[in-house]
Amino acid sequence: MTEASANQPKDVRSETPKPASAWVVAQHQALLTALPFADTADFDDAARGFLGTIHHAKVTSAQGRAVWSLEPYGFLSEAEAPATVNPSLWRQSRLNMHHGLFEVVPGVYQVRGLDIANMTLIEGDSGVIVVDTLTSIEGARAAMELYVKHRGRRPVAAVIFTHTHTDHWGGARGVLTEEILASGRVPIIAPNLFMEHAVSENIIAGPAMLRRAQYQFGPFLAKGERGQVDCGLGKSMAAGGVALLRPTDLIMATGDTRIIDGVAFEFQMAPNSEAPAEMHFYVARYGLLNLAENCTHNFHNLLPFRGADVRDALAWSRYLGEALKLWGGKAEAMCGQHHWPVWGRERIDTMIRQQRDTYRFAHDQTIRLMNHGLNASEIAETIRLPKSLEGAWHTRGYYGHIRHNVKAIYQKYLGWYDANPVHLDPLPPAEAGKKYVEYMGGANAILSRARVDFEKGEFRFVAQALSHLVFADPDNQAARALLADTFEQLGYAAESATWRNAYLFGAQELRQGMPKAPPRAAMPRETLAALRTEQLWDVLGVRLNGPKAEGKHLVLNWSFTDTGERYVLNLENCALTYTEGLQSTDADASFTLARGTLDEVIANQTNFPDAVAAGRIEVSGNPTRLTELMALMDEFPRMFEIVEPKRTVVT
């Protein structure tokens, strides 16, 4: 890579957010009329069973740094939505402000609002079973302390991870001490294939996903009426320490049961729904149903903006139908690992049916329209939830949204190409932008027309047109400013929190440039230890700079003394491959070491020469060949341009 030092974005005038336009205000007014805002049952449910909390839900690290706090969201105390926030999203954002320890039923408690996710605590005969441990170690520790303050100290009888996303397992070391972990007496229960998916989903494309997640969650946006207000599932992602613990007991099939501290659990598998490995459970003692993250108070994401494998809407719907078959009419309370519980058999069954049918409707109607020849954008423009679902608050698109979920379904079945040859090999954005500007009569002509359409509220097309101009000439301050203003109005109008965050962060970057962020830290050793060795080689492979590797051929033997694994690592044809269980007689070099030592090197806890000098790595052959290989590896930037052309040339 070579970086062009010039052409850095200049400051754009009028960096401060603008008020909402008349068009946005009219859209909000129409929504206030269309939706049942007089229904306040969710507010009653969100407050029910409150026992106590931490002031402002503030969680700090050992160094005094704020890991989580709801204090910046104090502006949400106002019941009436400002003109700059969609009133439906404002309602959801206020519901997500409830925080503290809540009793679901006697013997079952939840800590909510100390993280984007919930911790559920189920009391057994003598201890407490902890379901999901939040994102951070600090947050989990604070949640446990809050529980102990109001319920007394009980030993942790088990930890259950409902699925593979970090906000549900990252804080486990805040629940289980080193002494407890060493003893092995507390089971860690998770769905089958948990370890395979817990890290792999974000490892290969992790750098790109983390940058894109800034647009999804808006962590660099100011909190406020013209900034970030929510994420739909909760407020935001927590900071703090994260560590992955390996489960000791895997749930393999629907119908599996466990007796944990005298409490019977019945499990249902739900793979490839909201997460690649996910499960639900029912606890008869408490009449409690927990559907993990598959039945929350919003229409969930089938493809999050950060990126992921497309989630299976049809399977998702089937799992909810199966849950009704298993436990319909039995549960007295249903709590998920986001949002607030629902009580009463009829209300629970109704919510599950409506969620089931929301995913089924989105799936089937997307396929129906697809089979009529509509492409993804046309389907999104055509489809609308039926009135019986559209009026249910928990089906609203605060996190996912019908308009982008149908595009995900289309992608799952047909991929990126819509069969129109014009889209087969289009010019990249910067090159296309220059031709669009030329064809449209130049920058001034585009800006003149865009200002007229901006006043009409035609923001979607204004954004498209101005994006071409910004990609053609990223230093055109008038284009950047007007595109930022346009994104802002689209953000103000959005009911989806993730849409709002994406639009507003795009506006901010056009005005101010990318935020200054420190370099990405090395991968934690605990995470590295959770990776299979094959995954480590795969991560190394995607870092290989193909053009730099042109004409090179390297063969390296690896033998791991602690795992008994042997590999041949081979570089040729600009591709890094590996073969397990073999050693090459023609290797350039051979390395014998513990797999744990390699983890330490990657985590920057030691380096290769020091480990060799200490006798922890045995080397035969030419060790400089490894140095040569590592010189071919890219270091990925934490930040890269999204709403303007790349300032760095990537080869």
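**A loop residue and its sheet**

Begin by selecting Cys574, which is partly exposed because its relative accessible area is 24%, where buried means under 20%, exposed over 50% and partly exposed in between, computed with a 1.4 Å probe on protein chains only. This is a predicted model, in which local features need pLDDT of at least 70 and side-chain atom pairs count only at pLDDT 80 or more, whereas totals for chains, interfaces and linings use all residues. Residues are numbered from 1 along each chain as its sequence is written, and side-chain values use heavy atoms, with hydrogens and water left out.

Cys574 sits in the loop between strand 19 and strand 20; helices (H or I, at least four residues) and strands (E, at least two) are DSSP runs numbered from the N terminus. Although Cys574 is not a glycine, its phi is positive, at about 60°. In general, most residues other than glycine have a negative phi. In the hairpin of strand 19 and strand 20, which has 2 residues between the strands, Asn573 also takes a positive phi, near 55°.

Now widen the selection to the sheet, an open one of 5 strands in the order 20-19-18-21-22 with mixed pairing, two strands being paired if DSSP finds at least two bridges between them. Its edges are strand 20 (575–580) and strand 22 (617–621), each of which pairs on one side only. Neighbouring strands are turned against each other by 20° on average, direction ignored.

Which residue stands opposite Asn570 in strand 20? It is Thr577, and strand 19 and strand 20 run antiparallel, joined by 6 bridges. Strand 19 is largely enclosed by the rest of the structure, because 5 of its 7 residues are buried. On the pairing of strand 18 with strand 19, again antiparallel, there are 6 bridges, and Ser559 faces Arg566 of strand 19. Select Gly564 in the hairpin of these two strands, which has 5 residues between them, to find a positive phi near 75°.

Moving to strand 21 (residues 589–593), you will find it paired with strand 22 in the antiparallel sense over 5 bridges, with Thr592 opposite Glu618 in strand 22.

**A helix pair**

Next, select helix 9 (residues 313–327) and helix 10 (residues 345–371), which pack at an angle of about 155° with their axes 8 Å apart; axes are lines fitted to C-alpha atoms, for helices over the stretch in contact, and angles run from 0 to 180 degrees between N-to-C directions. The two helices are therefore roughly antiparallel to each other, a term for angles over 145 degrees. Show the side chains of the contact (heavy atoms within 4.5 Å), where the residues include Trp316 and Leu320 of helix 9 and Arg356 and Tyr359 of helix 10. By class, this contact has 7 nonpolar, 4 polar and 5 charged residues; Ala, Val, Leu, Ile, Met, Phe, Trp, Tyr, Cys and Pro count as nonpolar, Asp, Glu, Lys and Arg as charged, and the others, Gly among them, as polar.

**A last stop**

Finally, go to Ala57, in the loop between strand 2 (50–52) and strand 3 (59–60). Is Ala57 buried or exposed? Ala57 counts as buried, because its relative accessibility is 0%, and its phi is positive, near 55°, in a residue other than glycine.

Methods:
Angles under 35 degrees count as roughly parallel, over 145 as roughly antiparallel, 65 to 115 as roughly perpendicular and the rest as oblique.
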